[in-house]
Amino acid sequence: MSHGGPHVVSAVEGPGRSGPNRSEDPGKPERPLPRRAFAARSLGDRIFRYQLTATGVAVLAVMAGVGLFLLLRAGQALKVRGFAFLTTAEWEPDVHRFGIAAVLTGTLLIALVAVAISVPLAVGTALFISDVAPRPLRRTLVTMVDLMAAVPSVVYGLWGLFFLQGHVIGLSRWLSDWFGWFPLFKVDGTQPGEPLATESVYTASAFIAGLVVALMVAPIQCSVMREVFAQAPAGEREGAYALGATRWGMIRSVVLPYGKGGIIGGTMLGLGRALGETIAVYLIISPVFTIQPHILQTGSNSVSSLIALHYGDASTFGMSALMAAGLALFLLTLAVNFTASTVVARSRSGAQSEA
């Protein structure tokens with residue numbers, strides 16, 4: 001065939017694939033281009049996909065509706081106070097002197113105490129169930145932990161008020177005596193080692209409320225962490241043992257790095273739960289409307305307990321002020337949960353082993 005004849009398209013060269021896609025050397029075969037595969041979806045797959053999409057949109061719509069409702073109901077109070085709503089510690093809405101500086105501080109302190117106690121407890125329990133406990137015992141332990149999450153918060157509150165508080169005062173006194181130089185553990189009106197100090201200065205504190213909330217959120221955190229730890233790749237576990245690692249060495253080098261996202265996600269989930277706890281905190285604390293950073297000292301407050309305390313006797317403007325406090329708590333909890341979702345999504349948890 002002469003060189004001036006018509007060009008013959010290769011079998012692997014389809015329409016639109018001539019020119020730059022052809023090999024420059026006529027003696028070499030044409031390189032086929034990858035083809036996109038299209039799979040026809042069945043009617044059931046399409047219905048299932050539409051259902052999932054509708055569910056996701058409904059959840060977002062409900063969340064947006066709650067936020068919009070709070071914003072509209074809180075508009076009157078926010079117009080009166082403006083930015084001062086975040087910096088004022090008093091709560092006297094009928095004379096237009098109110099803010100959430102004190103209750104927001106108390107909310108954060110109680111939640112931080114709860115997380116500081118619950119996270120080590122949850123991590124240890126989850127590791128024991130997933131990697132240490134004998135198989136016959138695991139199901140019993142899982143059931144017990146799940147039952148703890150099902151106990152009503154009012155039961156935890158009554159238990160903390162009438163039982164735990166009396167047994168924790170000694171620990172609060174010890175922490176105040178030895179670590180009172182640190183502002184969080186300082187108790188006004190007491191001296192280190194003073195044997196006659198009244199016990200009433202240690203009751204109804206953020207520390208006791210945080211202990212109770214920690215026991216409430218620990219089962220939730222433990223459930224999340226346990227599921228993630230159990231999915232650590234078996235190939236990597238066996239590889240660690242084959243290299244001579246002990247059980248703790250395997251946990252430290254395989255399970256904990258793999259479950260980092262689960263630990264962070266469970267922690268943030270528990271933090272969001274602790275921020276919104278109402279009844280247990282309401283039963284234990286003694287409400288004060290001053291910024292009180294001493295967790296061992298009597299008197300604290302939280303946004304949720306503030307709403308529960310004043311909801312029944314609030315005026316129209318007072319109700320708007322409570323809605324503004326609820327809006328602040330809603331946004332804070334939302335930020336915590338979104339942060340947890342972002343961290344978990346970027347973690348290695350859930351990846352498959354290549355072993």
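The axes of helix 2 (residues 101-132) and helix 7 (residues 247-258) come within 12 Å and cross at roughly 110°. Axes here are lines fitted to C-alpha atoms, for helices over the stretch in contact, and angles run from 0 to 180 degrees between N-to-C directions. Helix 2 is therefore roughly perpendicular to helix 7, a term that covers angles of 65 to 115 degrees. Helix 2 contributes Leu127, Asp131 and Val132 to the contact, and helix 7 contributes Arg247, Met250, Ile251, Val255 and Leu256; contact means heavy atoms within 4.5 Å. These residues divide into six nonpolar, no polar and two charged. Ala, Val, Leu, Ile, Met, Phe, Trp, Tyr, Cys and Pro count as nonpolar, Asp, Glu, Lys and Arg as charged, and the others, Gly among them, as polar.

The model is predicted: local features need pLDDT of at least 70, side-chain atom pairs count only at pLDDT 80 or more, and totals for chains, interfaces and linings use all residues. Residues are numbered from 1 along each chain as its sequence is written, and side-chain values use heavy atoms, with hydrogens and water left out. The mean pLDDT of the protein chain, on a confidence scale from 0 to 100, is 85, and 85% of its residues reach 70 or more. The pLDDT is below 50 over residues 1-21, a stretch with 17 contacts in the model beyond near neighbours in sequence. It is also below 50 over residues 350-355, where eight such contacts are present.

The largest nonpolar core has 78 residues, and Trp91 and Phe207 have the most contacts inside it. Such a core is a set of buried Ala, Val, Leu, Ile, Met, Phe, Trp, Tyr and Cys residues joined through side-chain atoms within 4.5 Å. Helix 5 (residues 206-230) supplies the largest share of this core, 14 residues. Beyond residues up to four places away in sequence, Phe207 touches Val113, Val168, Leu171, Ser172, Leu175, Ile295 and Leu296.

Ser300 lies in the loop between helix 9 (279-284) and helix 10 (303-310); helices are DSSP runs (H or I, at least four residues) numbered from the N terminus. Ser300 has a relative accessible area of 6% and is therefore buried, which means under 20%, whereas over 50% is exposed and values in between are partly exposed (1.4 Å probe, protein chains only).

Glu236 belongs to helix 6 (residues 234-242). Its relative accessible area is 25%, so Glu236 is partly exposed.

Terms used:
Helix = DSSP H or I, 4+ residues; strand = E, 2+ residues; numbered from the N terminus. Parallel < 35°, antiparallel > 145°, perpendicular 65-115°, else oblique. pLDDT = per-residue confidence, 0-100.
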